[in-house]
Amino acid sequence: MRLFLRLLLRNRLAGFGAVVLAAIVVLALVTPLLPLHPPNATNTADRFLRPLSGAHLLGTDHLGRDLLSRLLWGTRLSLAVGFAAAVTAGLAGAAIGVVAGFFGGRTDNLTMRGIDMLMAFPYILLALAIVAVLGPGLMNALIAVAVVNIPFFARNIRGVTVGIAHREFIDAARLSGLGNAGILWSEVVPNVVPVVVIAMSTTIGWMILETAGLSFLGLGSQPPQADLGSMLGEARAALITAPHTSVVPGVMILLIVMSVNLLGDGIRDALDPRLRSGALARPMAATRVARRSVPPPSGEGLLRLDGLETQFHVGSRIFRAVNGVSLALNPGECLGLIGESGSGKSVTAMSVMGLVASPPGVITAGAVRLQGRDLIGAPYEVLRGLRGSKVAYVFQDPLSTLHPLYRIGDQLAEAIRAHAPVGRAEARARALRLLHDVRIPNPGDRADAFPHELSGGMRQRVGIAMALANDPDIIIADEPTTALDVTVQAQVLALLDDLRGSRGLAILFITHDFGVVSQLCDRVAVMYAGQVVEEGPTAEVLAAPAHPYTRRLIACVPELGAGRRALAAIPGLPPAVDDLPPGCAFAPRCDRATDACQSGEVAVSGSLHKVRCHHPEGRP
């Protein structure tokens, strides 16, 4: 609860809305205890008194009734009706949506067609029709507002439930012997409750406004009972001669609706884990830079990383995803970057061209030099010109990076025309040549296909073709073969190797597979907890790993046809990058660790074969 409140109040607008709404609710609750005039007591001799007139702080209305008293009692009534309508619509709509989404089939079709029929009517007209049938009255207005909002909740919750009903944990619950009622109560409902709460928090304001609208038309609260809408309706005849009678309830409606909507947006952000982490915030064009100094170059190379540090700032927590990485990539070379998931490989690659999302990503130290030019903090126009033309990316899942609504040829042509002033016909011709270069059969037909019409291997080849569209000097391949079968994986690796030889490309290849490293890479760098712990020629590192972590990683690789070596998993878990231990991050899992390993910075030793370890393998 404390975390929720902290996240909620971090949004200043939501905090302002919470304060205003809390003040209004407190006033409404203590209204019976306040020394107010009777709200329905008339005195025509004091009609239309201005604010601050004697005992009437906000003046009087056309019957001489005290506006402050009627405002507070009317606010109390409007809040109660609005909250009751929201709860009624939320619970009823959620129940309909859960049942329709979970059972599907005919139940879903019949239920949702009925919801569609309700949504076919404008909701105000539908509310008016319901009140006309039931008769004027505040309770009937509540029912009408709740009914017209049930379809909104039903459709939202039905969509969420459909996504949940086919998840693996639902199948596991069925296998455990739970019936439909048990699965709904224990598995589905807990997952849709946050969605219902968010939807209710963002619609209460509108329901209060809709109820006020019905009362304004004389279909809600009936005289002498007052709510905010009826007060507005009674004051419209004196809008010119006594404007305060309209302004007072109008300002209260504005404050209630505004504060409820602001607070609802804050509740949505605080309950959604993606929103509260900043993952769905609009990212900056390039990663934010907050470094204190620029390190000097430590060597040559087409691409060189010197002491790169990239962090994620989420509230008060700082995640040190990349922690002082130094690497060099030479022309025509393939450098393999390997390590466990979460070791910082992808963040390192994305930091090269400022593609780490900000917020929450921040580059706090180091330099990334492309042909000697530091790219950290470079203007967006410079980075945009280099992205794709000098440094290109091949991502792990091409189905998520290719646009599902555009044809393959159009996407390739767009990548070409983003960097070269060519016409559509020439861009199309170059796109077909690229598809031919990556060994896609019938490139003309494939160019007219959508991404979902291609196999995984074909989509990956399209991703490689898109990376080659502008003849880059460097390709960063982020686990491009992970989701492919062995034969297609071998074809993609052979393709990359051939392209490296024919075009002189330098490749930074991120992978989990030592077999891929041995087949494709000239050098290999092993990462752990955001640091490079070992780097050197591939054959030498594989034959004689110097760091205990590298040795244990290699020991986890099965030997086909041998079957005599036990596969020993690495004990323990990688450290949390927001709470890294002092000294060597691998020390808690290492069988060679000493007291010296758990304090102070561990320096890198070696020239061609580098290792970050006090007690490397091969030494006592």
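Let's start with two helices. In this predicted model, helix α2 (residues 12-30) packs against helix α3 (residues 67-103) at an angle of about 110°, and their axes are 9 Å apart. Angles of 65 to 115 degrees count as roughly perpendicular, so α2 is roughly perpendicular to α3. On the α2 side the contact involves I24, V25, L27, A28 and L29, and on the α3 side L72, T75, R76 and L79. Sort the residues of this contact by type and you get seven nonpolar, one polar and one charged.

Next, the aromatic rings. The structure holds six aromatic pairs. A pair of aromatic rings is described by the distance of the centres and the angle of the planes. Take Y528 and F586: their ring centres are 5.2 Å apart and their planes sit at 85°, so this pair is edge-to-face. Where do Y528 and F586 lie in the chain? Y528 is in strand β10 (residues 523-528), while F586 is in the loop between α22 (548-555) and β12 (610-611). The two are 58 residues apart, so the pair links distant parts of the chain. Both Y528 and F586 are buried. Together with Y549, Y528 and F586 form one aromatic cluster.

Now for the backbone. Most residues other than glycine have a negative phi, and most peptide bonds are trans.

| Cis peptide bond | Omega | Where the proline lies |
|---|---|---|
| P223 to P224 | about 5° | P224: loop between α8 (180-216) and α9 (228-235) |
| S358 to P359 | near -5° | P359: loop between α12 (345-352) and β5 (361-370) |

Positive phi values turn up too. N442 has a phi near 50°, positive although N442 is a residue other than glycine. N442 is in the loop between α16 (424-437) and α17 (443-447). A529 isn't a glycine either, and its phi is positive at about 55°. A529 is in the loop between β10 and β11 (531-537).

Which of these states, buried or exposed, applies to N442? With 51% relative accessibility, N442 counts as exposed, because the cut-off for exposed is over 50%. And A529, is that residue buried or exposed? A529 has a relative accessible area of 8%, so A529 is buried.

Definitions and conventions: Residues numbered from 1 in each chain as written. Predicted model: local features only at pLDDT ≥ 70, side-chain atom pairs only at ≥ 80, totals over all residues. Heavy atoms only, no water. Axes fitted to C-alpha atoms, helices over the stretch in contact; angles between N-to-C directions. Helix = DSSP H or I, 4+ residues; strand = E, 2+ residues; numbered from the N terminus. Parallel < 35°, antiparallel > 145°, perpendicular 65-115°, else oblique. Contact = heavy atoms within 4.5 Å. Nonpolar A, V, L, I, M, F, W, Y, C, P; charged D, E, K, R; others polar. Phe/Tyr/Trp six-rings, centres within 6.5 Å; stacked < 30°, edge-to-face > 60°. Buried < 20%, exposed > 50% of the residue type's maximum accessible area, 1.4 Å probe, protein only.
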